[in-house]
Amino acid sequence: MIQTIPTTPIDGQKPGTSGLRKKTATFRQPHYLENFIESIWTGIGGVAGKVLVLGGDGRAFNVDAVQIILKMAAASGAAKVIVGQNGLLSTPAASHLIRIRSADGGIILSASHNPGGDDGDFGVKYNTANGGPAPESVTNAIFKASETVTEYRILDSNDLDLGTLGTQTLGGMQVEVVDSVSDFAALMESLFDFDAIRALFADGFTLRFDAMHAITGPYAREILVNRLGAPESAVMNATPRPDFGGGHPDPNPVWAHELMALMMGPDAPDFGAASDGDGDRNMIVGRATYVSPSDSLAVIAANAHLAPGYAKGLAGVARSMPTSEAVDRVAEARGLPCYATPTGWKFFGNLLDAGRATLCGEESAGTGSDHVREKDGLWAVLMWLNILASKRMSVAEAMHAHWDEFGRNFYSRHDYEAVDKAAAEELIAVLRARLDKLAGLPAGPLVVTEAEDFSYTDPVDGSVTAGQGLQLRFEGGARLVLRLSGTGTEGATLRVYMESFAADAFNQDPQIALADVIAAAEALAGIKTRLGRAQPDVVT
Ligand code: VG1
Ligand code: CO
């Protein structure tokens, strides 16, 4: 029976960089999830007759939310929902399913790299028919609907069995439970030279993949162990848990410390990698060699043709504006178009759909291509393995060969997390107000040459997105970006991105190579005084 439940709008249901993210407890409040889902239906022009993909990264509330969404979709007349088994799908696997099933869209339940569990975060993201995150026109429509929602429809029925593969009916709607891994694994096998990677492993190349108790465990096991022949022990923390084992599933040197300790120690394997809560981020690390995500993007741009799926070369590359310009150097050398977009994968969608970019990346450990419309952690891992299998180099050798050819962009991001929101907003506002007058002026040890509030005009549909971060350039070529995070759930997070270029002298600690830019940032923005923090919480 269809129930129509009266409700009232709930404040703050505004999707950020990547969907709506709130505390799990907030999502468990009466009507909270239901209001937002009903707003999605309104924002997409109704769900009646549509086919959706649905799944999440396994964090607390994942399965409950799947059951609620299925009953709401059925009550509003959806034709079919394709669900990952047990409600699980990684973000890139969901994107792929939307595409191969020609679905109208999909809902991904994840707060990605944010911690999960009863005290952690939960999130809901809507993806469109191309498999990618909804553009701002759609997320704005969803938010607007959330401000006026007065009722929602839900089927009064028993929970569905999400463990058994196959099709069931719920009201007038079909629910097809599919294997979460197999389509995605087949896609990877079609893009990369699995024989070469298998041969590399057979020759004694060792690896460790850290799934961080999140969604990639089952995917990594199937691909790395079952299909590529790595030993079972190559995948650590492989069982997804609702609280990610109490960890913070963000694959960077700070949060993936267990893997980092191994890779920097005497028993390091040849290759280490990790992914995040929902499987779209990646960290690449060699023996005693951390590869910054910006460098990883550049190395992939220079070598992707070694993988069969990219043998014909790249149409173009794209990076988010704060990502280092290492990839720009490769694009220039190879004569490829190169785009700089605002932060967030949704801005790559049009470039990928239009065939203008094949490869995209973000400094936040996101890399991907036109094979799906999301960033893809395991894809990046397999791309690296394919490159190493083809070149027969260590990670350190590959990095040095890259810097020898293209030079090195030293790069670092400093995050000040959960700071006072008003103070962080004021810091940005004050600097933004001064941008016009900064060119030619000193900033600590450097001199500003250009300063702008980054605005992006999408070259495909002409849409303009303004206010995407403060970007400053200095004499000598260094660059500084400041912006506020759009994925946090507590206070504000200030991100400070710093970059400088070196044609040689590659073997420096980035924090030392970037000392002048760090000092310039402090001189310009007064970060420590304004935020009351002596140092950043996370340095990547
Ligand atoms: C962060 C990253 C951004 C990434 C986004 C979603 O956003 O900086 O590059 O696309 O997270 O990643 P923000 O607004 O907090 O800087 V995921 O893996 O958390 O969906
Ligand atoms: Co993620």
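In these legends, Ala, Val, Leu, Ile, Met, Phe, Trp, Tyr, Cys and Pro count as nonpolar, Asp, Glu, Lys and Arg as charged, and the others, Gly among them, as polar. The model shown in every view is a predicted one.

**View 1. The lining of the largest pocket.** With the classes set out above, the residues that line the largest pocket divide into 8 nonpolar, 17 polar and 10 charged. The largest pocket has a volume of about 950 Å³, and of the 35 residues in its lining, Gly-16, Thr-17, Leu-484, Ser-485 and Gly-486 are the closest to its centre. Two or more lining residues are given by each of strand S2 (20–23), helix H5 (136–146), helix H15 (421–434), strand S25 (479–484) and strand S26 (492–502), and the largest share, 4 residues, comes from H15.

**View 2. The largest cavity.** The count of cavities of 30 Å³ or more comes to 7, and the largest of these has a volume of about 230 Å³. Its lining is made up of 24 residues, among which Thr-17, Arg-281, Thr-343, Ser-364 and Thr-487 lie nearest the centre of the cavity. Sorted by class, the lining of the largest cavity holds 3 nonpolar, 10 polar and 11 charged residues.

**View 3. Ligand 1 and the residues around it.** Ligand 1 sits in the largest cavity, where 20 residues surround the ligand, the closest being Thr-17, Ser-112, His-113, Ser-364 and Thr-487. The shell around ligand 1 contains no nonpolar residues, and its members divide by class into 10 polar and 10 charged.

**View 4. Side-chain contacts to oxygen atoms of ligand 1.** A polar side-chain atom of Lys-375 lies 2.9 Å from an oxygen atom of the ligand, and a polar side-chain atom of Asp-276 lies 3.0 Å from an oxygen atom of ligand 1. For Ser-18, the distance from an N or O atom of its side chain to an oxygen atom of ligand 1 is 3.4 Å, which counts as a polar contact because the cut-off for a pair of N or O atoms is within 3.5 Å.

**View 5. The annotated span at residues 1–35.** The feature "domain: Peptidase S50" is placed at residues 1–35 by UniProt, in an unreviewed entry. The end C-alpha atoms of this span lie 19 Å apart, and residues 1–35 are 23% helix and 26% strand.

Notes
Residues numbered from 1 in each chain as written. Chains lettered and ligands numbered in written order. Predicted model: local features only at pLDDT ≥ 70, side-chain atom pairs only at ≥ 80, totals over all residues. Heavy atoms only, no water. Near = heavy atom within 4 Å. Polar contact = N/O pair within 3.5 Å; in protein donor to acceptor, adjacent residues only side chain to side chain. 1 Å grid on protein atoms, 1.4 Å probe; cavity = no way out; pocket = protein on both sides within 12 Å on 5 of 7 lines; lining within 4 Å. Sits in = over half its atoms within 2 Å of the grid points. UniProt positions renumbered as here; feature names shortened; annotations may be inferred. Points joined across faces, edges and corners; volume = space filled by probe spheres on them.
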